[in-house]
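Subject: The structure, and what turned up in it

Hi,

Here is the structure I promised to pass on. Have a look at it first, and then read my notes below.

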Amino acid sequence: MTDRKFFLVIDGSSMLVTNYYGNLPKQILFEKDEEKKKLHYSKIMQTSDGTYTNAIYGTLRTILKIIREQKPTHMAVVFDKSRDTFRREMYADYKGTRGATPEPLKQQFVLIEEVLGEIGLKVLFDDNYEADDLAGSIISKFEGPDMPMAFLTKDHDYLQLVSEYTRGWMVQTKKEKAVELFEKYNVFGDGRQMDVLPDKVFEFTSEHVLSEEGVLPSQIPDLKGICGDTSDNIPGVKGVSSAAAPLIREYGSVEGIYEELESFENEKEQKKLAKFWKENLGVTRSPIKALLRDKESALLSKKLATIVRDVPVPSQLEDYECNINNEALDTVLRRLEFKSMVE
């Protein structure tokens, strides 16, 4: 990828949160009481004037390392701005199980967006859309044979963006998991090495998505339509998770499943369908009653899980050129008191 154009989209929210919790003092990390956690905020990495920097430090190091080693010619860093997006208008409980963002992390969201912009990177966030919608819109606008793309994230929602021209750089929780995936798919055998990618990352193609998730990238929203997603509080259809992938492979989509199911008008005919699913798709426990009961939830859940790909984003490729302003970077590093990075 280094001898031609390469566009990398980074899920900045995911990266910042990972670095925040990865660089927290143990007194906060292992404390369950929120008020007691606040008593130790002073131990979080910060500047002499009290600006919290533990998440920014790790995020900035990671992004600069990627630029140095993976050499993207174009880059965008996308962020969530609020949970009150159009999805919450569709479903009031969307992401409703998540706790409040800790104040030290909230402050660093604002600051990292400013810092990355200052050093010359394209930063995007929006009041009404999430980071993955911005990523999807950028990818849909620019991907093609002359512009290979990748996205870097831990969020499996992004897998629906994988295509012939776009790869998913999925960050694994541990390096051992990345190694396991490299060995499983014999990626070493085609000349690629792990050091081509950022640390703890495995590169997903459409084939890998199908193998790991059981459906094609374009069917990830359908999968979540049936299975739901506890992290985003997407309800799905209760008790049908194991049947979701084989049914989606057979009928193509959530809508296709219901079209087939509703063509069987009575319980006797539905039993024949359940038998077909068992013998041909390996669906041992009939999900018919649950599917009929939760149709509205399934269709809503698919909509919630579908990444929007037509959000207005800067349309000129030049806007995303990856040119770090070294003078601005030096100023930022000194202001944040990142002495080891300055050196």
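Predicted model: local features only at pLDDT ≥ 70, side-chain atom pairs only at ≥ 80, totals over all residues.

Residues are numbered from 1 along each chain as its sequence is written, and side-chain values use heavy atoms, with hydrogens and water left out.

Salt bridges

Counting a side-chain nitrogen of Lys or Arg within 4 Å of a carboxyl oxygen of Asp or Glu, the total is 21 salt bridges. One of them joins Asp-127 and Lys-81, at 2.9 Å from N to O. Asp-127 sits in the loop between strand E3 (122–124) and H7, and Lys-81 in the loop between strand E2 (74–78) and helix H5 (86–90), so this pair ties together parts that are 46 residues apart in sequence. Asp-127 counts as exposed because its relative accessibility is 52%, whereas Lys-81 is partly exposed at 48%. (Helices here are DSSP runs of H or I with at least four residues, strands are runs of E with at least two, and both are numbered from the N terminus.)

Arg-167 and Glu-203 also meet in a salt bridge, 3.3 Å from N to O. That pair links distant parts of the chain, with Arg-167 in strand E5 and Glu-203 in strand E6 (residues 201–204), 36 residues apart. Glu-203 is buried, at 8% relative accessibility, and Arg-167 is partly exposed at 27%. Salt bridges that share partners also join Arg-87, Lys-95, Glu-130 and Asp-133 into one network.

For a local example, take Glu-35 and Lys-38, whose closest N and O atoms are 3.3 Å apart. They are separated by about one helical turn, because they lie three residues apart in helix H3.

Pockets

A pocket here is an open set of points on a 1 Å grid over the protein atoms alone, where a 1.4 Å probe fits and protein lies on both sides within 12 Å along at least five of seven lines; lining residues have an atom within 4 Å of a point. Volumes are the space filled by probe spheres set on the points, which are joined across faces, edges and corners.

The largest pocket holds about 1,200 Å³ of space. It has 43 lining residues, and the closest to its centre are Val-17, Arg-83, Arg-98, Thr-101 and Phe-109. H1 gives the largest share of that lining, six residues. By type, the lining has 16 nonpolar, nine polar and 18 charged residues.

Best wishes

Note on methods: Nonpolar A, V, L, I, M, F, W, Y, C, P; charged D, E, K, R; others polar. Buried < 20%, exposed > 50% of the residue type's maximum accessible area, 1.4 Å probe, protein only.
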